[in-house]
Structure formats: C-alpha cells, structure tokens
Amino acid sequence: VTENMSSLRNFFLYKCLFALTFWNRISLSVENELFTSVSNNFPEDGSDKKIKSLPLLRTNSHQSKANFEWVVIQNSTESLSLSEITNDNVEKLVALLSNFRQGSRLQNLTLTNVSVDWNALMEIFQTVWHSSIEYLNIKSVTQLSDIRNYNFDYSGTSMKALTVEKVLITDLYFTQNDLYKIFADMNIEALTIAESDMIHMLCPSSDSPFRYLNFLKNDLTDLLFQKCDKLIQLETLILQKNKFESLSKVSSMTSRMKSLKYLDMSNNLLSHDAADGQCQWAESLTELDLSSNQLMDAVFECLPVNIEKLDLQNNQINSVARGTAELKSLKELNLASNRLADLPGCSGFPSLEFLNIEMNSILTPSADFFQSCPRVRELQAGHNPFKCSCELQDFIHVERQSGGKLFGWPAAYVCEYPEDLRGTQLKDFHLTELACKFHAFVSYSERDALWVKNELIPNLEKGEGRVQLCQHERNFIPGKSIVENIINCIEKSYKSIFVLSPNFVQSEWCHYELYFAHHKLFSENSNSLILILLEPIPPSIVPARYHKLKALMAKRTYLEWPKERSKRALFWANLRAAISINLPMADGRRCGETD
C-alpha cells in the first residue's frame with residue numbers, strides 16, 4: 001500500500017510538472033499585466049520597493065486551460081498567474097504550490113476570479129505563507145462563506161506583500177473578529193484590501209511589521225484603529241473612498257503611529273468644527289491628502305504641525321484666515337476647486353513653494369502675492385472667473401515680473417467678465433492708466449445713502465462730462481478686507497468726496513476713510529479733498545477723534561447742499577468744477593493748465 005501511495009504521489013507530481021512544462025513551451029495568452037504593480041503600492045524607501053517587470057515566454061490571442069480546470073494567464077520561472085480558482089480545483093492548487101518551498105525561484109503569484117469558501121482560502125494563504133512566494137495578488141473573490149476561527153501559522157514566511165481586491169462575503173452570520181484577525185496579525189510589510197465593503201479592521205495583537213496599509217474603497221468609519229499602539233512601523237496609510245466623518249478622530253487615530261509619513265483620506269465625508277476640540281496628529285506625518293471631502297475654513301485649525309505637502313482640493317473652503325494655522329514646514333498646498341475669492345497670504349506658511357488655487361471664485365487676484373510669499377516658486381491660479389478690469393492690471397504686471405512662476409500662463413488665464421471680453425487671454429488685456437482711475441471716491445454714512453444714490457450719483461455720472469465715482473457697494477473687491485478696499489479706492493481716485501452730516505461723524509468707517517484720505521492729501525501735497533455739508537453739524541456732537549475734520553472745515557471751503565431747488569443747479573456746477581481741477585486730460589495736461 002505504501003508503495004502504491006508513493007507511486008500515486010509521484011505520478012501526480014509528474015503530471016503537475018508536465019503540465020507546467022507543457023504550457024511553458026506553447027504560446028500563452030496574457031489578458032492583463034501579470035502582477036498588478038505591487039511596486040506602485042509599496043512604500044517608496046524600502047529595499048523591496050520595486051518589482052522588476054516579469055518575463056513572458058510567449059503570447060498568443062487565446063487563453064490556455066490546463067487539465068486542472070484553472071486558466072493559466074502567465075507562467076514563468078518567477079511568476080505564476082492563474083484564473084478561475086474554485087472549490088473543485090483548490091486542493092490541486094494547494095498541492096502544486098506546496099512544491100515551491102523556500103529557496104524556489106517563484107516569487108509572484110496572482111489568482112483571479114477565486115470562488116471558494118473561507119477554509120479553502122485559508123489553505124491557499126497558509127500554503128503560500130510557507131512557500132518561496134513574496135508577493136500574492138488575489139482579485140475578485142466570491143462565494144466566501146462559512147467564516148470561522150482559523151489557527152493561522154505565520155512563522156518562517158518569505159511573504160512581503162498581499163493584495164486582495166473585490167471580495168464578496170456571502171456568509172450572513174459570522175464572528176467579525178475571525179475574519180479581521182487573520183489580516184491584522186499578518187507579519188508582512190504591505191497589505192492591501194480594496195473594494196471589498198470592509199467595515200472594520202482589528203488592531204494587531206502585537207507590534208506589527210506593517211509599513212504600508214491600503215484599504216481603498218471600503219466602508220470603514222471613524223472607529224478604525226482608535227487607541228491602537230501596535231502600528232509602530234507604519235509609514236503609508238491609504239483610506240481613500242471610505243466613510244470617515246470626523247477629522248479630529250482621524251487625527252487621534254494617527255497619534256500613536258510613530259512612523260507615519262503619508263496619509264490619504266481623500267473622497268470621504270470629513271468635516272471639522274471648532275467645537276470638535278484639539279487635533280492630535282502623528283508628529284512624523286509630512287504628507288496629507290484631504291481632497292474631496294466636506295471641509296470648510298475651520299480645517300486650518302486641525303492640521304499636522306510638521307506637514308510638508310497638503311492637498312485640500314475639492315472642499316468647501318471660502319477663505320484662509322490669517323493666524324489660524326502656523327505650518328512652518330508646509331511646502332506644497334493644493335486649494336484647487338474650492339470657493340476662495342482671493343489668493344491666500346503666507347503669514348502661516350513661511351516655507352511655501354508651490355500653491356495650486358485653480359478653479360475657485362477669484363475675480364481679481366491680489367497683486368502682492370509674491371511679495372508676501374517670497375519662497376513660492378510656482379503658482380497655479382488659472383481657470384478662475386477673472387474679471388478683466390483695472391484691478392486686474394496689477395496682477396498682470398506681477399506676472400511679467402515673476403519670471404515664469406505663474407503655471408499655465410497664458411492659456412489658463414482668460415477673462416470671464418465683462419461679457420464683451422469673455423474668452424480674452426489676460427496677456428492680451430490692456431487699459432490705459434487714465435481709464436483705470438476714478439475721478440472721485442465717495443465717503444458717506446449709510447444713513448445718508450439715499451441722498452448719495454438718488455442725488456449725487458445720478459447728477460455726476462450722467463450727461464456730458466460724466467464723473468466716474470468709486471462707491472463701496474459696487475466697486476469694493478470681494479475677498480479683500482474693508483480697510484484694503486478703502487485704501488485701494490482712495491489710491492485709485494484723483495479726488496475724495498466726503499458727504500458730511502451728523503450721521504457721518506458718528507460712523508467709525510467714515511473716520512477711517514477720512515484718515516486715509518487726509519494722509520494722501522499731505523503725502524501728495526495736492527488739493528484732493530472735497531467736502532459737502534449735507535446737514536449742519538453741531539460742534540457738540542463731533543467726537544474728539546475728528547479733530548482733523550474740524551481743522552479741515554476751518555481752513556477749507558466746503559459746498560453746502562441747498563434746501564431750495566432753485567439753487568441746486570449752481571451746486572452741481574460748482575461740484576463738477578471742484579472735481580475737474582487738476583484732472584489729467586487725454587493729451588497728458590491737466591485741467592486748468594495753459595500752454
């Protein structure tokens with residue numbers, strides 16, 4: 001009997017070897033690349049980070065089917081790729097793989113369309129674990145049933161990386177830990193479980209050698225790896241396309257991962273609120289992908305302090321508030337596809353070198369960006385709805401001085417507004433200096449707004465010799481602070497008109513506007529202030545801080561708004577004359593100058 005059993009075993013092994021030899025000598029088809037780039041999913045700094053391209057003996061247009069009913073996709077000295085693994089042929093597969101003991105040249109195994117129960121899958125894993133195979137890929141696992149506790153022996157393995165994709169569990173009732181424990185305690189460097197509806201993963205029971213974990217496109221939540229201190233060597237963690245919601249809980253998850261460098265949380269449901277409390281990130285974390293989530297401005301209160309590369313594209317960020325983040329090591333920042341109305345400054349990012357702010361809501365980018373961000377080597381700001389107006393001239397001028405730092409110029413920088421300039425590249429947009437100056441900036445109290453809108457603006461801006469006024473409601477630039485807009489309007493206006501009334505002296509903003517205009521008056525030594533007294537101002541109600549106004553009214557002539565309609569024509573004539581004094585004309589001279 002013993003001799004018969006020995007003969008049968010030898011005959012079976014002979015058939016296995018014959019089948020492999022036979023299929024090596026005929027043309028084989030290759031449906032896919034054999035070993036789907038474990039090298040692409042492996043940490044970048046390991047000695048085994050790349051797998052050399054696998055040699056194919058021959059190719060043909062048809063598949064080959066061995067006697068054992070699986071389909072041979074590829075067969076070479078170092079790599080084997082099989083398809084259509086079932087419960088009917090799994091024993092023969094295990095017997096075949098048992099021959100590749102450690103020391104054999106076979107290193108890469110790919111199994112596709114695997115329809116087996118849990119025990120059969122574990123037999124495959126266990127056999128591979130004690131073979132020469134280092135990289136195992138399993139794709140499209142179905143009929144995975146009868147899940148139960150399996151006493152797995154991890155000892156003495158050559159395995160380095162396992163990739164499992166598209167697992168369908170048909171067992172409705174089983175203990176979750178029986179499933180997760182097998183994977184959590186694997187003594188390998190890289191593990192990928194993708195597109196498998198996985199809802200959880202256990203923390204390893206002892207210090208784990210995992211350096212790379214990829215759980216792409218599953219159903220994982222904020223419960224993952226909370227209070228887990230066993231992933232001490234983990235460097236790369238990919239959790240893209242799952243169901244994480246709390247950014248602060250994600251930060252807490254990483255806090256015990258002492259070696260973590262790269263974290264991908266893109267395409268989740270993440271949000272953050274100031275009420276969520278402080279965030280605790282791994283200090284080793286240098287690259288973070290938070291793209292395609294539901295994050296708003298508060299995200300800048302919950303970021304790793306040592307981060308160097310940060311991706312926040314496709315969120316709901318309206319502004320980068322100054323002082324909310326101090327990321328001294330940040331070099332690359334991606335804010336594309338958000339809701340930003342202007343370029344952020346670099347007060348919180350002193351080391352910033354690359355900024356992407358494409359596809360936001362920027363009409364007029366700040367012209368002082370490169371001054372406030374001296375280390376920036378490349379700015380991607382194209383594909384925004386640029387408003388081609390005077391305010392944009394300064395930004396275009398900056399581009400000419402930046403030395404090619406504006407990525408995508410000129411094709412990605414096109415006028416969206418006004419309609420008659422839509423489609424015009426910014427490089428082809430030009431306005432004269434005269435066209436980019438207002439005749440006058442108008443400062444008034446909101447309580448006097450009706451007079452300004454019903455009397456002042458219609459009488460000055462219509463008819464022959466129309467006056468172009470800078471008014472805050474229509475000319476202030478969105479995204480800039482009120483003070484920035486006030487200064488900008490005053491600087492771009494030849495004159496400043498102040499509509500004085502008791503309301504005016506009670507307005508805080510009017511005080512600021514008067515201060516800046518008064519400063520311009522003395523710095524330029526020009527006659528640029530025009531005072532209109534809309535209503536008498538009792539001296540008793542003028543605050544002490546308006547001492548400049550008192551001095552101006554004592555020294556300077558002001559125009560008084562007449563109550564009698566018969567005198568108003570003269571009022572408008574005098575006001576137009578006051579605005580016209582020393583204004584430049586088309587020939588470069590100023591009104592009032594003679595040859």
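Colleague: Which residue forms a salt bridge with Lys427?

Modeller: That's Asp428, and the closest N and O atoms of the two are 3.1 Å apart. Keep in mind that we're looking at a predicted model.

Colleague: How many salt bridges turn up in the whole structure?

Modeller: The search finds 11. One of them is between the side chains of Lys309 and Glu332, at 3.9 Å from N to O. That pair ties together distant parts of the chain, as Lys309 is in strand S12 (residues 309-311) and Glu332 in strand S13 (residues 332-334), 23 residues apart.

Colleague: Why do Lys309 and Glu332 count as partly exposed?

Modeller: Because buried means under 20% and exposed means over 50%. Lys309 sits at 36%, and Glu332 at 32%.

Colleague: Which residues are linked with Lys309 in a network of salt bridges?

Modeller: Glu287 and Glu332 are linked with Lys309 in that network. As a general point, side chains of opposite charge can pair when their charged atoms come close.

Colleague: And what does Glu416 meet in a salt bridge?

Modeller: Arg422, side chain to side chain, with an N to O distance of 3.7 Å. Glu416 has a relative accessible area of 30%, so it's partly exposed. Arg422 is at 45%, which puts it in the partly exposed class as well.

Colleague: Switching topic: where is Glu353?

Modeller: Glu353 is in the loop between S13 and strand S14 (354-356).

Colleague: Which residues is Glu353 in contact with, leaving aside the neighbours within four places in sequence?

Modeller: Lys331, Arg375, Val376, Arg377 and Glu378. With Arg377 there's a polar contact between the side chains, at 2.6 Å.

Colleague: And what separates the C-alpha atoms of Glu353 and Arg375?

Modeller: 5.5 Å, although the two residues are 22 apart along the chain.

Colleague: Now Ser251. Which helix does it lie in?

Modeller: Ser251 is part of helix H5, which covers residues 247-254.

Colleague: Buried or exposed, that Ser251?

Modeller: Buried, because its relative accessibility is 0%.

Colleague: What does the side chain of Ser251 reach at 3.1 Å?

Modeller: The backbone nitrogen of Gln280. If you don't count residues up to four places away in sequence, Ser251 touches Cys279, Gln280 and Trp281.

Colleague: Last topic, helix packing. At what angle do H3 and H4 pack?

Modeller: About 10 degrees, with the axes 13 Å apart. Angles under 35 degrees count as roughly parallel, so H3 is roughly parallel to H4. For orientation, H3 spans residues 118-129 and H4 spans residues 176-184.

Colleague: Which residues make the contact?

Modeller: On the H3 side they are Trp118, Met122 and Phe125, and on the H4 side Asp178, Leu179, Ile182 and Phe183.

Colleague: And how many of the residues in the contact of H3 with H4 are nonpolar, polar or charged?

Modeller: Six are nonpolar, none are polar and one is charged.

Colleague: Great, thanks. That covers my list.

Key. Residues are numbered from 1 along each chain as its sequence is written. This is a predicted model: local features need pLDDT of at least 70, side-chain atom pairs count only at pLDDT 80 or more; totals for chains, interfaces and linings use all residues. Side-chain values use heavy atoms; hydrogens and water are left out. Helices (H or I, at least four residues) and strands (E, at least two) are DSSP runs, numbered from the N terminus. Buried means under 20% relative accessible area, exposed over 50%, partly exposed in between (1.4 Å probe, protein chains only). A polar contact is a pair of N or O atoms within 3.5 Å; within protein, one must be able to donate a hydrogen and the other to accept it, and residues adjacent in sequence count only if both atoms are side-chain atoms. Contact means heavy atoms within 4.5 Å. A salt bridge is a side-chain nitrogen of Lys or Arg within 4 Å of a carboxyl oxygen of Asp or Glu. Axes are lines fitted to C-alpha atoms, for helices over the stretch in contact, and angles run from 0 to 180 degrees between N-to-C directions. Angles under 35 degrees count as roughly parallel, over 145 as roughly antiparallel, 65 to 115 as roughly perpendicular and the rest as oblique. Ala, Val, Leu, Ile, Met, Phe, Trp, Tyr, Cys and Pro count as nonpolar, Asp, Glu, Lys and Arg as charged, and the others, Gly among them, as polar.
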